[in-house]
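Q: I would like to go through this model and ask what stands behind the words used for it. Could we start with a contact and work outwards?

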Amino acid sequence: MKLVILGGSGSGKSTQAERLCKYFDVPLISTGEILRSAISNEKSGNGYSTLNELGRLTQPYVEKGELVPDEIMIEFIKVRLNQDDVNRGWILEGYPRTAFQAEELDFLLDSLEQKLNWAIYLQVAEAVMVSRSLGRSLPDDQPEIVQRRVELFYDRTVPILEYYDRRRRLLTINGDYSPEQVQHNILTLLG
Ligand SMILES: Nc1ncnc2c1ncn2[C@@H]1O[C@H](COP(=O)(O)OP(=O)(O)O)[C@@H](O)[C@H]1O
């Protein structure tokens, strides 16, 4: 199974992505989680590694709630999707986040002779995004930064919905239910 999970900050996309990975027994690729761990690794000064390099490059963006430049993310996904453990499938969460990243993902999948099954959009109201994000304790979850991520979600990520819809690959799910109910609704739609 190859799925992209789309949604704003606090939409429940990381919760659903984790559940779906267990269900389908495929690896999770969560760009937010990978970047946060690369940044904390780099800060703790654990020597030189590719992960530290990624942390050093992306920290200024992540900490302000800004998007990491497309070129960095596209390169990262290219390397990740070429690794052996993702042959049978994967769930991408946090990527793509811009229309350019979505197009590049399609080019990459073409070159790997892979095909995306579905893009799942977890739809919640803006107030739900903000209140759920403020209830977490991630380093980049302060109010102004959350607000900025929500703004960028509408400006940069919402256009991707149309991209996938035109290609008949979009499933929209109401994210304003319990995690169990949302997962159930996703699995029902996936058939
Ligand atoms: N595909 C991406 N493109 C650009 N920046 C990204 C991407 N994925 C993650 N990031 C960066 O990592 C941060 C945290 O990502 P994530 O945990 O997915 O956030 P959210 O809580 O908004 O869903 C983002 O605010 C952004 O700075």
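Q: What is I74 in contact with, leaving aside its neighbours within four places in sequence?
A: I74 is in contact with Q101 and E104. The model is a predicted one, and the word "contact" here asks for C-beta atoms within 7 Å.

Q: How far apart are I74 and Q101 in sequence and in space?
A: They are 27 residues apart in sequence, while their C-alpha atoms are 6.5 Å apart in space. I74 itself lies in helix α4.

Q: Why is I74 called partly exposed?
A: I74 has 19 other C-beta atoms within 10 Å. A buried residue needs 20 or more and an exposed one has 12 or fewer, so I74, with 19, is partly exposed.

Q: What makes L35 count as buried?
A: L35 has 23 C-beta neighbours inside 10 Å. The cut-off is 20 or more, so L35 counts as buried.

Q: Where does L35 lie, and which residues does L35 touch, not counting those up to four places away in sequence?
A: L35 lies in helix α2. It touches T58, V62 and V68. As for E18, it is 17 residues from L35 in sequence and 17 Å away in space, C-alpha to C-alpha.

Q: Which residues of α2 are buried?
A: The buried residues are T31, L35, A38, I39 and E42.

Q: How do you know that the buried residues of α2 line one face of the helix?
A: Looking down the axis of α2, the buried residues fall within an arc of 100°, so they line one face. An α-helix has 3.6 residues a turn, so residues three or four places apart point the same way.

Q: What do the buried residues of α2 pack against?
A: They pack against β2 (28-30), α3 and α4 (70-81).

Q: How does the reach of α2 compare with the span expected at 1.5 Å a residue?
A: α2 has 13 residues and reaches 18 Å from its first C-alpha to its last, close to the expected 18 Å. After α2 comes G45, with a positive phi near 65°.

Q: How many residues surround the ligand, and which are the closest?
A: The ligand is surrounded by 16 residues, and the closest are S9, T31, G32, V68 and G94. By class, the shell has 7 nonpolar, 6 polar and 3 charged residues.

Q: Which element gives the most to the shell around the ligand?
A: That is α2, with 3 residues. Both α2 (31-43) and α3 (50-64) supply at least two residues each.

Q: What makes S133 buried?
A: S133 has 22 other C-beta atoms within 10 Å. As 20 or more are required, S133 is buried. This residue lies in helix α6 (residues 126-134).

Q: Which residues does S133 touch, not counting those up to four places away in sequence?
A: S133 touches S9, G10, D141 and V146. Q147 is 14 residues from S133 in sequence and 9.5 Å away in space, C-alpha to C-alpha.

Q: Why is D25 called exposed?
A: D25 has 9 other C-beta atoms within 10 Å. Exposed stands for 12 or fewer, so D25 is exposed. D25 lies in the loop between α1 (13-24) and β2, and has a positive phi of about 55° although it is not a glycine.

Q: Why does R168 count as exposed?
A: R168 has 7 C-beta neighbours inside 10 Å. With the limit at 12 or fewer, R168 counts as exposed. Its place is in the loop between α7 (143-166) and β5 (170-174). R168 has a positive phi of about 55° although it is not a glycine.

Q: How do you know that the peptide bond from Y95 to P96 is cis?
A: Its omega is near 0°. P96 sits in the loop between β3 (90-93) and α5 (99-111).

Q: How many helices and strands are there in the protein?
A: There are 8 helices and 5 strands. From the N terminus on, they run β-α-β-α-α-α-β-α-β-α-α-β-α.

Q: Why does the radius of gyration of the protein agree with that of a compact globule?
A: A compact globule of 191 residues would have a radius of gyration near 16 Å, and the protein has 16 Å, so the two agree. Along its principal axes the C-alpha trace spans about 45 × 40 × 30 Å. Buried residues make up 31% of the 191 residues.

Technical notes. Residues numbered from 1 in each chain as written. Predicted model: local features only at pLDDT ≥ 70, side-chain atom pairs only at ≥ 80, totals over all residues. Helix = DSSP H or I, 4+ residues; strand = E, 2+ residues; numbered from the N terminus. Rg over C-alpha atoms; globule rule 2.2 N^0.38 Å. Near = placed C-beta within 6 Å. Nonpolar A, V, L, I, M, F, W, Y, C, P; charged D, E, K, R; others polar. Expected span 1.5 Å × (residues − 1). Arc of directions from axis to C-beta. Contact = placed C-beta atoms within 7 Å.
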